[in-house]
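User: I would like to learn how to read the features of a structure. Please take me through one.

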Amino acid sequence: MSEAALIDVRLPDGSTKNIPAGSTAAQLAAAIGSRLAKAAVSCVVNGREVDLSSPLADGDQVSIVTAESDAGRHVLRHSTAHVLAQAVLQLIPGTKFTVGPAIEDGFYYDFDLPGGRTFTEEDLVAIGKRMSEIVEANQPFVRSEMSPKDALSLFADQPYKCEIIQRVTSGDADANDAGEVSGGDSVSVYRNSDTFVDLCRGPHVPTTGRLGHFALMKVAGAHWRSNEKGPTLQRIYGTAWESKAALQEHLVRLEEAEKRDHRRLAVEMDLLSFPPELGAGLAVWHPKGAIVRKLMEDYSRERHQNGGYHFVYTPHLANAQLFETSGHLDFYKDGMYPPMEMDNGTYYPKPMNCPMHCLIYRDRQRSYRELPLRLFELGTVYRYERAGTLHGLLRIRGFTQDDSHIFCTQEQLATEIGSLLDFVLSVLRRFGFDDFSYKLSTRNPAKSIGSDEMWERATTALRSALEKLGAQYTIGDGDAAFYGPKIDIDVRDAIGRKWQLSTIQADFQLPERFGLEYVGADNQRHRPIMLHRALLGSVERFFGVLLEHYGGSFPTWLAPVQVRILPVTSAHEAHVASLVTQLVDEGYRADTAVADEQLGKRIRAAKLERIPYVLVVGDDDVRANTVGVNPRGGEVQRDTAFADFLERLRADVREGSGR
RNA sequence: GCCGGGGUAGCUCAGUGGCAGAGCAACCGCCUUGUAAGCGGUAGGUCGUGGGUUCAAUCCCCACCCUCGGCUCCA
């Protein structure tokens, strides 16, 4: 082929581009436009992500990956992880390096430091500085392929790299190898400088000069191959972005999330606490938190009442036999609190409410006419969460589920799941969530009971309910509970974070284990199907999520204090007291703050408490029965008739609670 | 459970091998205030708990509890 020969490559928009044979992707980008060339970090050729330096062939389908795309950021982050590794290896000789993948919003790299030393804050600063020097030096990422044998000798003093090479070439690679290498007869490495080369599948940016907008975030312990029993490594987390502005935005987002941290807000707003004397993962609710929780629970009860549920109550403890019957002692003993030995047997705090609801069902003979039978309980359960996993309200050891168990016939299953989904979504919407995603979790054969056919039937019912809803959903292969498949519903909060809240689980096992039956129209005995359904999930956890979602500014119907009325001077206190009484008599949560501090200071205090309405009452207001309305996040309005304010408050609360 | 931070006044945080500090909050005065911090004063601490080293420990060492960031786990 002569130098003048041309080839055609196809672009994502369907057009073709005529370029000289032997051109690289980088040259293609430059031929398309200088802006694209500048933004390019890698490219996809015939569906494979490769370096910009890859030569193109006639007929290739090529799309250039730019730094502003998710795929582009992924490349930036992975490349930055290599720079991190280079910096650490230079600064701390004798370090063994392991893997360093890109993750959501950033990257990490795991190291085994000599002599079991750990990273310090100063290390992090020094490493960041060295990384900047490497970026400054504009080192190329040079890819080469070699036989596993050569790679093993190249990384002879890097045991973790050797282990990866061996696993990959023995066809034993899995997700834990974190995209370091591709399998086959050869492995690829990327060389940055004479002193640094890393085993890697790529692709990477052309040179380190393409990077630079990064920050090292934190140090953490981690285990090699995520195996608790494996060697302990030191992990450095970092973030990297395509521009200084994007990095800055990300850091601001993190700050915003920190401001919303429910643990901080719970203290600031005097909502609840975790007294050490009580033990880890156990909360006490203060009056202001308790009222919000009560309102949430009241709302949940009201909806369930209208939704055809029957309320039940069950105790916190049960004889071990119950959990033997249910299978919990076989499958989830580790997650249960330790047993209590009593004179007539062994008792456990309940980790779930379902076995007890089964007992209620079984107490007498049931007719098909009763089904679907929907039992509902705000049931408090105790689970032994491992010490290191506790996290504020989001992961605690004692919590209350808004738990429902629905017993129905096989024929009713699909309809019931469908209406359950509607019910769940409508309640979540009331709490300000409207962005949902769904996950269908399927059987894990190693950790489950029941026949294939039962699993298949239940999974199909769940899937068809999702499809009927027109919902996009993902599949969690093997993520199901031991007794049946499930749908998990995630919500996205005000700052875009995802939380798993509701769950709907099909269960053929418990009815079997408890021998549940109903008499059908055919006068024969049949086995009902059971659905587990948590809506808010754990009330405590939901409260925490809601607190972060609203950033502490609860909507008026939920706010601990809805209205604070401030007298301008003590001369107005009596009038204010009568207004407060009027509001309280109408069922609103209103209070006042006497005029022993300046008005501005009292307003500030009320604002910090995130009270929806601050009313100010002075001479004019007493005379005309008006108030100055200072709403949260709105404009001050003077001389509003009190009756008009009341109407506004009424409408606000009604709209918020949907009542 | 594992790795690494941390625990000092109600809150946020300084500090030191030799009498424990600030700001805010609280309380008491003065001020009587019109929309996000008026002024002055008072009180407040077993420096997480228990052991050890030391003439002397809040500080150094050990154990435990709680907590934070991860790992793992998540019915």
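**Reading the model**

Analyst: The residues of the surface near RNA strand B divide into 22 nonpolar, 20 polar and 15 charged. Here nonpolar means Ala, Val, Leu, Ile, Met, Phe, Trp, Tyr, Cys and Pro, charged means Asp, Glu, Lys and Arg, and polar means the others, Gly among them. This is a predicted model, in which local features need pLDDT of at least 70, side-chain atom pairs count only at pLDDT 80 or more, and totals for chains, interfaces and linings use all residues. Residues are numbered from 1 along each chain as its sequence is written, while chains are lettered from A and ligands numbered from 1 in the order in which they are written.

User: How many residues surround RNA strand B, and which are the closest?

Analyst: A residue is near a strand if its C-beta atom, placed from the backbone, lies within 6 Å of it. RNA strand B is surrounded by 57 residues, and the closest are Gly221, Gly335, Gly388, Gly618 and Gly628. Elements giving two or more residues to this surface include strand E12 (214-223), helix H8 (262-268) and helix H18 (599-608). H18 supplies the largest share, seven residues. Such helices (H or I, at least four residues) and strands (E, at least two) are DSSP runs, numbered from the N terminus.

User: How should I read two packed helices?

Analyst: Two packed helices are described by the angle between their axes and the distance between the axes. Axes are lines fitted to C-alpha atoms, for helices over the stretch in contact, and angles run from 0 to 180 degrees between N-to-C directions. Helix H13 (residues 413-430) and helix H14 (residues 452-469) pack at about 50 degrees, with axes 9 Å apart. H13 and H14 are therefore oblique to each other; angles under 35 degrees count as roughly parallel, over 145 as roughly antiparallel, 65 to 115 as roughly perpendicular and the rest as oblique.

User: Which residues of H13 and H14 make the contact?

Analyst: Among them are Leu413 and Ile417 of H13, and Ala461 and Leu462 of H14. Residues are in contact if their C-beta atoms, placed from the backbone, lie within 7 Å. By class, the contact of H13 with H14 has eight nonpolar, two polar and one charged residues.

Terms used. Contact = placed C-beta atoms within 7 Å.
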